[in-house]
Amino acid sequence: MKYVIYPVALALLAAVPFVASDYALGLLIGMVTYVTLASAWAMFSGPTHYVSLATVAFYGAGAYVVAMLNEVMAYPMILLITAGVGAAMALVVGLSTLRLAGVYFVIFSFGLAELIRQLITWYEINIYGTLGRYIFVDITARGIYWQMLALAAITIGLTAYINRSRLGLALRVIGDDEVVAAHSGIPLARMKLMAFVLSATILTLAGAIASPRWVYVEPAIVFNPTVSFLTVIMALFGGANRLWGPALGAIPLFLAFEYLSAHFPDVYPIFLGALFIGVVFLFPNGVLAGIEGLRRGKKEETA
Amino acid sequence: MVNLFKHAKACTTAFAVAAASFMTAGHATAADDTITIGYAVALTGPNATGAGISTVPNYRLWVDQVNGEGGIEMPDGSRKMIEVVEYDDRSSNEDLVRAIERLASQDKVDLILPPWGTGANLAIAPLMARFGYPQLAVTAVTDKAPEFAARWDRSFWMLGGGHDYATGLVDVLAQARDAGTINNKIAAVSVADGFGIDLIKGARPAFEEAGFELVYDESYPLGTSDFAAIMSEAQASGADSFVAFSYPPGSFGMTKTAQAMGFNPKVFYISVGGAFPIYPGIADGKADGVMAIGGVDGTSDSVKAYFDAHTAFVGNPPDSWASAVTFASLEMLEQAIGRVGLDHGDLAAELSNGTFDTVIGQVKLEDNQLRDLWTVGQWQNGAFVGVGPADKTGAAAPVIPKPEW
């Protein structure tokens, strides 16, 4: 049954641009982008409980690859290179840091975005000679939407596959108790690294796909830490351990932020802060789990 | 399977609720006797400071003035009140692009005013071109303005490029050197960010061509707060002229550092922030003689009237660089509407070819760019006035050497 539902749903979503206004399409792009980011983030951070704030490091790097290469080669080629760059970055970073646990990993991942931003700034100033690049790629908003939708579908599909595979099982064991995992013979480093690289590659690709909408990039514009925070809060809001959790967190929050920016521009940061606190206190496992918990509670009462 | 449907149902419900709240959020379409003008600027985030000084107050002041007079005059003599649609782009270009799409395709506003910042104006340029709106980009300093004006023929670039300001400064210094007031040594520092790099890149060859010797040339990262080391090296370099291609935090920090260490170069030049109304306060009331980027015609009555109106409406005077130009761009828009109406093509043509009476004097764009710009200003008797280019109407004579702090 679901082999029919998913393709049909995907086809319907892909057909939306033919009836949507430009603004609706812009909203869809934003929504699908955050669905992709949150889902890709949860692919690694969900089961392992390694909270990563490095999302924008990869997302921004993807955008920068496009900015650097858009005048010298064809777009599909750039995407391939972007995926390679993302994977290579994640491999280097992962090998050196996945032994860190808990809060140390969080801090490191946050620093990573800053590190990459400063490295690119240094490179641009001292080697390239100017800061700020232009992206003139001949891609319409529809094209961006379709690519991002495909990436979102791949991400969620891949997560579903991983969840059922040995990798997924290993990651869950690692998340529950690393010592137990090690004693059961799970190769900790290799498993974590595989998930981290997959997740980071998708994040990097998402940055590359979104970048033509910016036209002009500068490290300060691209490596905006808010992206990392939003991704985490969206995934946690929906539930980082569930297949559809991140997507379900991303869509309502994205729309809520959009609504706030139009009607209550000054309260947006307050709302964001309150949300962080609220999610942690009320739905530590995500809204989905929270709702299920409520239902179960009610059933038990009636029984 | 049941579980799957439950999820799917939850998904669609959440989506439908959110979508419904959006549909109702759209702004009422304008009646015939109003003009809707939309803009998305940074009201929160890192760009909010700049937008809050040069852009937003001027938009609000202009709308208030125009509506106070009964609205914008149309070619047939009738008047239309302005209705504003304002969005926050949260200093993010992604949000900004979406806000422009929203203004154009959802709110269907008559005109869109530009955001603050070079990156922001470039991000929306392709969209503005696609929707056909004229874009009067003021707070975008870029040497590529001629290319952009050619690429998007309804875009207008009104604040020049880094190269203009660098060469403008070199001209002022060259005159002082030729008069024998300063030696031919320059100490320059620049912030390692887009703007600082553009300026120093323009300045290096210009200094060399004018026969100056760049005895100190150092860049510092954005976010630097301790300038004691570079300032003392600059002081030790033997240069009479200290030139900083800086952003406001750097400009302010270097001013305080120079005062604290008693560094009194004959020329003290800083960049962004030097023309802000708060600068004399930062300089502890000793701003006179400090040079900075920008300037306004200190002899002009219209500038004075604009400063008074701004002070009365906003509570503080405008900055003396981008603010007056921003306000002038709005006056141009108003006059162009009065001549040709609201058709975007006609408006763009009129902006491109017409001559306008504005707060900064008579404006006629060249290839969609404002080229008649103040490049160097100086604090004189408590006001920041334009000193370069020296042949521009109203240019004050620069005071060199600067009085000691």
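**Terms and their grounds**

Reply: Arg90(B) lies in the loop between β3 (79-88) and α3 (93-106) of chain B. This is a predicted model, in which local features need pLDDT of at least 70, side-chain atom pairs count only at pLDDT 80 or more, and totals for chains, interfaces and linings use all residues. Residues are numbered from 1 along each chain as its sequence is written, chains are lettered from A and ligands numbered from 1 in the order in which they are written, and side-chain values use heavy atoms, with hydrogens and water left out.

Me: Why is Arg90(B) called buried?

Reply: Buried means under 20% relative accessible area (exposed is over 50%, partly exposed in between; 1.4 Å probe, protein chains only). Arg90(B) has 11%, so Arg90(B) is buried. Among the residues that Arg90(B) touches are Phe257(A), Glu258(A) and Asp95(B), leaving out residues up to four places away in sequence; contact means heavy atoms within 4.5 Å.

Me: What makes α11(A) and α12(A) oblique to each other?

Reply: The axes of α11 (residues 225-238) and α12 (residues 245-263) of chain A cross at roughly 120° and come within 6 Å. Angles under 35 degrees count as roughly parallel, over 145 as roughly antiparallel, 65 to 115 as roughly perpendicular and the rest as oblique. The two helices α11(A) and α12(A) are therefore oblique.

Me: How do you know that the length of α7(B) agrees with its number of residues?

Reply: The expected span is 1.5 Å times one less than the number of residues. For the 16 residues of α7 (residues 194-209) of chain B that should be 22 Å, and the end C-alpha atoms are 23 Å apart, which agrees. Just after α7(B), Gly211(B) has a positive phi of about 85°.

Terms used: Axes are lines fitted to C-alpha atoms, for helices over the stretch in contact, and angles run from 0 to 180 degrees between N-to-C directions. Helices (H or I, at least four residues) and strands (E, at least two) are DSSP runs, numbered from the N terminus.
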